[in-house]
Amino acid sequence: MSEAVLPSVAAGDSDAVERCLDRYGGLVWSLARRYFARPADAEDAVQEAFLSVWENARRFDPSVASETTYVAMIARRRIIDLVRRGKAARRTMTQNDVSRLDAPPPIEELADPGATTFEADGVALLGFEVAEEAQRVRVQLARLSEDQQRVLRLALCEGQSQTQIADLTGWPLGTVKSHARRGLSRLRELLAEETRPVTTKQEADR
Amino acid sequence: MNATPASGGPSPHDAQRLDELLADRALWGLDAAETAELERLLAGSADADEGYDLVATTLAAAGASESLPPLLRERLLDDAAEFDFAAARGGSAVTPVTPRRAEWPVYTMLAIAAGLLLSFWMGRPAPSPLDNRQALVASADDLVEVAWAPQDDPSLEELPEEAAYGDVVWSDAAQQGYMRFRGLKANDPAVEQYQLWVFDAERDERYPVDGGVFNIPAGEGEHVVPIRTTLPVTKATLFAITVEKPGGVVVSDRSRLPLLASR
C-alpha cells in the first residue's frame with residue numbers, strides 16, 4: 001500500500017492534491033456516474049465531492065478505514081446528498097420478468113481486479129485494494145438471503161432509490177427498506193466476524 | 001445494535017431508530033427531517049458510528065472502473081487552488097468554494113452569439129433531429145451505428161428488406177444518439193407509445209436504461225427521433241423498442257417488442 005495522501009492534502013500540499021486526484025479521481029468519477037445521467041451533472045458532483053474530501057481530509061484515521069474507503073465514503077455521501085436535492089433527474093426500469101428477478105444477482109464481477117484497476121503513481125494499487133475488499137464483501141454478501149442481496153446490489157451498485165427498487169421488484173416500500181436494513185446490518189456483522197475485519201476499530205471492539 | 005448508547009442514553013426505541021437512520025444514511029442518504037432526527041438521536045449516543053457507511057461504500061466502490069476526465073481534473077485543481085485548507089485544518093468554517101464549471105472561451109461565446117443573431121435575423125429554423133444526427137455522425141469518434149432488426153409485432157409494416165426499417169446511431173462519449181425509423185406505424189399517443197431501452201455492458205442486463213418515450217406521426221417516409229437516456233450509458237450494446245401505455249413504463253413486460261438493434 002502506498003503512503004496516505006490525505007494528511008498532506010489537509011496540510012494544503014498541492015502535490016498531494018494532485019496525487020489525491022490521480023489516485024481517487026477515477027473512483028469518485030465512477031461513483032458520480034451511477035447517479036447522474038448527464039456527464040456535466042456528474043462533473044459538477046465530482047467537484048462538490050472533492051471539496052467535501054478536502055474539508056474532511058484532516059479527519060482521516062487509518063485505524064478506522066482504508067484511505068480509499070474513506071475517500072469513497074465522503075464523496076459518496078456528498079453525491080447522494082446532491083441526488084436527494086434533486087440534482088439528478090433519474091429514471092430506471094427493469095424488465096418485468098419475474099423469473100429472472102428471482103435469480104441471484106450477478107455479484108461475481110465485484111471481485112474482478114481487472115474491473116477496478118486504477119493507476120496511482122504508476123502502480124495499480126487502488127485496483128488491488130478495491131478488489132481485495134470487494135472480494136471480502138462478495139463472499140459475505142453471498143451469505144445473505146437472495147432478496148437482501150438483490151436490494152443491496154440495486155441500492156449500492158446501481159444507485160437505485162427505495163422507490164425505484166420497489167418499482168423494479170414489485171415489493172412494498174417497507175419490504176424494500178426492511179431487506180436493505182437487515183441485509184446491511186447482517187453484512188456488517190459478517191465482515192466484523194472475519195479474521196481480518198473491515199476496520200481495525202471493529203476488531204478492537206470485538 | 002450498532003449505535004452505541006451513552007450511559008443513561010437513548011431508550012431501546014431510540015436506539016433502534018438510530019440504527020435504522022444510520023443504515024438508511026449509508027444506503028440512500030437522509031432528507032432534512034431525517035437528518036434532524038439523526039442529529040437529535042446522536043446527541044444521546046456516544047458513538048456516531050460510520051460502520052454502515054464503510055460497508056456500503058466498500059460494496060458501492062467495488063464496481064468503480066472509470067478514469068477521471070482530464071478536463072475535469074484541471075477544474076478540480078483550480079478548485080483546490082481556491083480552497084482554504086488552513087481553515088479546514090483548523091476545523092473552522094470554510095468559505096465555500098464555488099466549483100468552477102467548464103468555461104467556454106470568449107471567442108467561442110461570441111461566435112455562438114453571432115451565429116444565433118444571424119440565424120434569428122435570417123429566420124433560420126432550429127436544427128432538425130436529422131441535422132443533429134448528421135452532426136453526431138460527423139463528429140463522434142466512438143459512433144455506434146446499427147440497423148434495426150424487425151420482430152413480430154403488428155406495429156410494423158411489411159418492407160421488402162429487413163435493413164430498411166432504419167437504424168440507431170449512438171455515442172457513449174457524447175451520451176447522445178438518434179434513431180431513424182421506416183415502416184414503424186404511426187401510434188395514437190392516447191392509446192400507446194413507443195419506448196426505447198438501452199442495454200449497457202456495464203450494467204446488469206436485467207436493467208436496461210430508459211431511452212425515452214416517443215411517437216411516430218402519421219405520414220410517409222423516415223422519422224428521426226433523438227435518444228433521451230436518463231442514466232449514463234457506458235457501453236451501449238443493444239437497443240430495444242417496446243410498445244407501452246401512454247407515458248411509458250418503469251417496468252416493461254416486453255409483450256410487444258417491434259424492433260431490436262444489436263452492435
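## Strand pairing in chain B

V169(B) stands opposite Y178(B) in β6(B). Strand β5 (residues 166–171) of chain B and strand β6 (residues 176–181) of chain B run antiparallel, joined by six bridges. Strands are DSSP runs of E, at least two residues long, and helices are runs of H or I, at least four, numbered from the N terminus. Two strands pair if DSSP finds at least two bridges between them.

This is a predicted model: local features need pLDDT of at least 70, side-chain atom pairs count only at pLDDT 80 or more, and totals for chains, interfaces and linings use all residues. Side-chain values use heavy atoms, without hydrogens and water, residues are numbered from 1 along each chain as its sequence is written, and chains are lettered from A and ligands numbered from 1 in the order written.

The open sheet has four strands in the order β3-β5-β6-β9 (chain B), with antiparallel pairing. β3 (144–147) and β9 (223–226) of chain B are the edge strands; each has a single partner, so one side of each lacks a neighbour in the sheet. Twist averages 15 degrees from one strand to the next.

Helix α7 (residues 129–139) of chain B packs on the sheet and touches β3, β5, β6 and β9 of chain B. Contact means heavy atoms within 4.5 Å. The direction of α7 makes about 125 degrees with that of β6(B). Angles run from 0 to 180 degrees between N-to-C directions, with axes fitted to C-alpha atoms, for helices over the stretch in contact.

## Helices α1 and α2

Helix α1 (residues 12–27) of chain B packs against helix α2 (residues 32–42) of chain B at about 130 degrees, with axes 10 Å apart.
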